[in-house]
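Please keep the model open while you read this note. Each numbered point takes up one topic.

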Amino acid sequence: PVRIKYPLIRSSLLELWRDALALHGDPVKACHDISGNPDKRNRYQHDRGKGGLVRLSWDEASTIIAASLVHTIQRYGPDRIFGFTPIPAMSMVAYSAGTRFLSLIGGSLISFYDWYADLPPASPQIWG
């Protein structure tokens, strides 16, 4: 009952995305067009927190996510992508899937302790 059934996106970002994709044909170029243009970037960033979310297909959502990851890696390097997964004791499958993905793309993993306690990953083992 708590599973996400439909992905949602800000309507202004989806409109920009579809226009840029139609113009460029390449999802990564479309992502660069949106994030590299200050007016376009300000348009969808200004809409944060105001609602206006609309449904999109899982395929389109996956394409947007993949394009943004590739764009970020090409422009800033893979170390600019980081993620947090549950601690292994909570869900070994979720932990291993998240860490494997981040490792394959060259991203960085932050741990439960980085996220909640602002400590280095090995601090519980070091300090007990």
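1. **The core.** The largest nonpolar core has 15 residues. Here a nonpolar core is a set of buried Ala, Val, Leu, Ile, Met, Phe, Trp, Tyr and Cys residues joined through side-chain atoms within 4.5 Å. Buried means under 20% relative accessible area, exposed means over 50%, and partly exposed lies in between (1.4 Å probe, protein chains only). Ile9, Trp17, Ile34 and Leu56 have the most contacts inside this core. Helix 1, helix 2 and helix 4 each give two or more residues to it. The largest share, five residues, comes from helix 1. Helices are DSSP runs (H or I, at least four residues), numbered from the N terminus.

2. **How to read the values.** This is a predicted model, in which local features need pLDDT of at least 70 and side-chain atom pairs count only at pLDDT 80 or more, while totals for chains, interfaces and linings use all residues. Residues are numbered from 1 along each chain as its sequence is written, and side-chain values use heavy atoms, with hydrogens and water left out.

3. **Ile9.** Which residues touch Ile9, leaving aside its neighbours within four places in sequence? They are Leu14, Gly52, Leu53, Val54, Leu56 and Ile64. Contact means heavy atoms within 4.5 Å.

4. **Helix 2.** This helix spans residues 27-36. Its buried residues are Val28, Ala30, Cys31, Asp33 and Ile34. What covers them includes helix 1 (11-24), helix 3 (38-46) and helix 4.

5. **Trp58.** Trp58 is in helix 4 (residues 58-76). Is it buried, exposed or partly exposed? Trp58 counts as partly exposed because its relative accessible area is 46%. Leaving aside neighbours within four places in sequence, Trp58 is in contact with Ile4, Lys5, Tyr6 and Pro7. Trp58 and Pro7 are 51 residues apart along the chain, yet their C-alpha atoms are separated by 6.5 Å. A polar atom of the Trp58 side chain lies 3.3 Å from the backbone oxygen of Lys5. A polar contact is a pair of N or O atoms within 3.5 Å; within protein, one must be able to donate a hydrogen and the other to accept it, and residues adjacent in sequence count only if both atoms are side-chain atoms.

6. **Salt bridges.** The count comes to four salt bridges. A salt bridge is a side-chain nitrogen of Lys or Arg within 4 Å of a carboxyl oxygen of Asp or Glu. Arg43 and Glu15 form one of them (3.2 Å, N to O). This pair links distant parts of the chain: Arg43 is in helix 3 and Glu15 in helix 1, 28 residues apart. Arg18 pairs with Glu60, with the closest N and O atoms 2.9 Å apart. That link joins helix 1 to helix 4, across 42 residues. Arg18 is partly exposed at 43%, but Glu60 is buried at 19%. Asp79 and Arg80 also meet in a salt bridge, at 3.6 Å (N to O). Asp79 is partly exposed at 47%, whereas Arg80 is exposed at 54%.

7. **Thr99.** Thr99 lies in helix 5 (residues 92-105). Thr99 counts as buried because its relative accessible area is 14%. Its side chain reaches the backbone oxygen of Ser96 at 3.2 Å. Leaving aside neighbours within four places in sequence, Thr99 is in contact with Thr85 and Leu109.
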